[in-house]
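Here is a short briefing on strand pairing, salt bridges and surface charge. Please keep the structure open while reading.

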Amino acid sequence: MQVLASASYDNSVKLYQEEDDDWVCRATLEGHESTVWSLAFDQSGGRLASCSDDRTVRIWKEYRPGNQQGVECNGTDPTWKCVCTLSGFHSRTVYDISWCHLTGALATACGDDAIRVFEEDATSDPHQPIFSLTAHVPKAHGQDVNCVAWNPKEAGLLASCSDDGEIAIWSYQPQL
């Protein structure tokens with residue numbers, strides 16, 4: 001089942017599914033307190049990261065009908081639930097987020113000119129994951145960092161761009 005996700009100025013994330021050659025909104029995820037700027041699915045497509053003007057990152061998890069956790073679903077539609085909020089790490093707007101499909105690392109682009117990388121604790125409960133800050137580049141650019149993107153073929157290779165007009169390529173070594 002294909003899902004289309006959109007970030008919005010109304011502080012929400014909307015999830016759509018194709019139905020008879022049209023996209024129908026199946027879920028609205030609420031929790032951010034300001035504009036949601038960007039989204040990234042994990043490799044499985046079962047989790048979604050969102051970042052916002054409220055300086056937080058939220059991790060949403062899909063729960064299908066009949067799940068063992070007892071999360072209620074509406075008919076045959078899955079429910080998406082916020083299972084983790086990363087707050088206190090960013091001092092300004094988080095403009096972009098990228099989920100590395102090779103390592104599981106999350107990178108953020110921030111209005112404080114910095115790039116941050118987070119990794120999930122392998123021993124944490126998948127229904128209450130714990131992410132730790134594993135890298136912070138305070139002056140990654142001379143102005144707001146607008147975008148980050150992991151290389152889909154080479155683990156640890158991260159690109160960023162900024163209001164300063166520059167593009168940078170970074171080498172990140174995952175934590176062991």
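C147 has C161 in β13 as its bridge partner. This is a predicted model, in which local features need pLDDT of at least 70, side-chain atom pairs count only at pLDDT 80 or more, and totals for chains, interfaces and linings use all residues. Residues are numbered from 1 along each chain as its sequence is written, and side-chain values use heavy atoms, with hydrogens and water left out.

**Hairpin**

- Strands β12 (residues 145–150) and β13 (residues 157–162) pair in the antiparallel sense, over 5 bridges.
- Pairing requires at least two bridges found by DSSP between two strands.
- Strands are DSSP runs of E with at least two residues, and helices are runs of H or I with at least four; both are numbered from the N terminus.
- The two strands β12 and β13 form a hairpin with 6 residues between them.
- In the turn, G156 has a positive phi of about 90°.

**Salt bridges**

- A salt bridge here is a side-chain nitrogen of Lys or Arg within 4 Å of a carboxyl oxygen of Asp or Glu.
- The count by this rule is 8 salt bridges.
- R26 and D77 form a salt bridge through their side chains, at 4.0 Å from N to O.
- That pair links distant parts of the chain: R26 lies in strand β3, and D77 lies in the loop between β6 (57–63) and β7 (79–86), 51 residues apart.
- R26 is partly exposed, at 33% relative accessible area.
- Buried means under 20% relative accessible area, exposed means over 50%, and partly exposed is in between (1.4 Å probe, protein chains only).
- D113 and K139 also meet in a salt bridge, at 3.2 Å from N to O.
- This pair too links distant parts of the chain: D113 sits in the loop between β9 (106–110) and β10 (115–120), K139 in the loop between β11 (131–137) and β12, 26 residues apart.
- D113 is buried at 10% relative accessibility, whereas K139 is exposed at 64%.
- Through shared partners, salt bridges join E19, R26 and D77 into one network.
- R64 and E62 form a salt bridge at 3.6 Å, N to O.
- R64 is partly exposed at 43%, while E62 is buried at 16%.

**Surface charge**

- E18, D20, D21 and D22 gather in a patch of negative charge on the surface.
- Patch residues have over 30% relative accessible area and no salt bridge; like charges are joined within 9 Å, nonpolar side chains (Val, Leu, Ile, Met, Phe, Trp, Tyr) within 5 Å.
- D20 is in the loop between β2 (12–19) and β3 (22–30).
- D20 counts as exposed because its relative accessibility is 75%.

Note on methods: Accessible areas come from the Shrake-Rupley method with a 1.4 Å probe; for residues, only the protein chains shown count as cover. Lys and Arg count as positive and Asp and Glu as negative; His and the chain ends are not counted. The place of a charge is taken as NZ of Lys, CZ of Arg, CG of Asp or CD of Glu.
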